Amino acid sequence: MLKLLPLMLAVAVTACAKKTEEKKNSIKPSKVVATNQSLHPIVVESDKSKSLCSVMKYEDSQRNLSLSLFLRGEDTDEERVFAGLIEELFVRDLGAKIISQSHKGQSVLQTFTSTDGVVSGEEKELSAASNVTVCPDDGKYAKGSAESVALNATFFISKVNRKVSELLPSVKINPISVEVTPMIKKKLQVIDKGIVIWEYEAFDTDNAYYMPGTDSITFLPHSEEFRQMGYKMNFWEVPMVAAHEYGHHIFQTINPTPEEKSAHLNCFGKMGMKSNVAPEAEVEAREVANDDVLGALNEGFADLISFYSLDNQERGLKGVPCLEIARDVSSKTFADGTPKNFTAAALESFFSDKETEPASGCSIPNFQDIHILGAVFANSVDRFLTGATDTKDQRLLIVLNWLQEMKVKQAGMKTLAPKDFLRESFKLFIETAVAKTDNKMDAADCALVTEIYPGLEASIAACQPAI
Ligand SMILES: [Zn+2]
């Protein structure tokens, strides 16, 4: 299920980093970002009380299940209708058209060694994954159990799938597998002239990600450190997280990025945790390419898919530290009041060749994080569509249509400088939105464009003063 990618040490250590080309002669791990890593992962197990079932098949009469969620800032148990979402005893939809299978219990050791500058890596499966099954006797699984994780993921992913399929029936979406908290241990070693000069060992924790190559969505375990920092919710209890990851699958379906060219693993976000830099780290100049711009648009797209597909009472991030304002699509600002606009300062930061020093805490947005620029895109799209449309379905369809347009126009845009590529991508969204609504830009639309993306109005004919 987990596929080892030929990555540099620097990339190997973090689950959600930008992928870099493998460099044969890299002498030291250039920079190690140890966010989302821990030596103390919290193990998620099956709900033992449900191991013996009196009946061996789910029937329609038993299709209501109670889910353990984190919504409106608190833990809550909510009943949902599971019609068509459990097959035999497997947590997957009937026919496995949306979810191919839910897995648990996998344990993997990934070893990366840099010997005199030559990096090699291998992966060993320590324990194989098994299918998550549920027992029809009871409608409730223990909070934090493997069944609970799989049921939450299956319910909200299926909801997004059904909504998108209803709006765009011609698009065929491949089924994905749900990987429940695999233990992924990373072991890194730097050997110089026969001497081990640096070693690092940790588990991937505290995040969720989508892998296009394997059509899978993984929920990583949480860690003791995460709990101690005051984060009490699990990602799989926040419906927006599963829906966001599935949004990346929709993006990949409509506008696929070849796996080897995909600049990022599509993770949910680092929650602004501090980075640890390995000793002797060499700071490399940043190089922002069109693929990074697409990475940011992909993040914003995934937030929008989630925001428009889920019910209003399911899509909130209240009480989720670092994310509740930054990733709330309807919030016009970040937590510190910075507006979500493509301002000169935001763009200068995103495209800068120097890395921004991470601020302590997470209220100040770091525009070099693709999730943050993605949040600007998501709120900008929502602001533009709110006045022009009546329903969430209309907005969702326009966002999907924009990505279809991107797929068509992208090849002609690839020679653009990244900054121009971003501007043209947003302009294409405006054009798509206008074409799909009243088909005209009025003065208020132009003023909104100027607010969202200062300077963009100059390239929109309808926003020019009549001569
Ligand atoms: Zn993401």
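## The sheet

Two strands count as paired if DSSP finds at least two bridges between them. With that in hand, here's a look at this predicted model, starting with its open sheet. Five strands make up the sheet, in the order β1-β10-β9-β5-β6, and their pairing is mixed. At the edges sit β1 (37-38) and β6 (118-127), each of which pairs on one side only.

Strand β5, residues 107-115, runs antiparallel to β6, and nine bridges link the pair. In general, strands in a sheet pair through backbone hydrogen bonds, either parallel or antiparallel.

## Helix α8

Now for a helix. α8 covers residues 392-413, which is 22 residues. From first C-alpha to last it reaches 29 Å, close to the 32 Å expected at 1.5 Å a residue. Follow it along and you'll come to a bend of about 40 degrees at K407.

Which residues of α8 are buried? They are R395, L396, I398, V399, L400, W402, L403 and M406. These buried residues pack against α2 (146-167), α4 (239-254), α5 (290-309), α7 (370-388) and α9 (418-436).

## Helix α4

Why is α4 described as largely enclosed by the rest of the structure? Because 14 of its 16 residues are buried.

Technical notes:
Residues numbered from 1 in each chain as written. Predicted model: local features only at pLDDT ≥ 70, side-chain atom pairs only at ≥ 80, totals over all residues. Helix = DSSP H or I, 4+ residues; strand = E, 2+ residues; numbered from the N terminus. Expected span 1.5 Å × (residues − 1). Bend = angle between axes of the 7 residues up to and from the residue. Buried ≥ 20, exposed ≤ 12 C-beta atoms within 10 Å, placed from the backbone. Contact = placed C-beta atoms within 7 Å.
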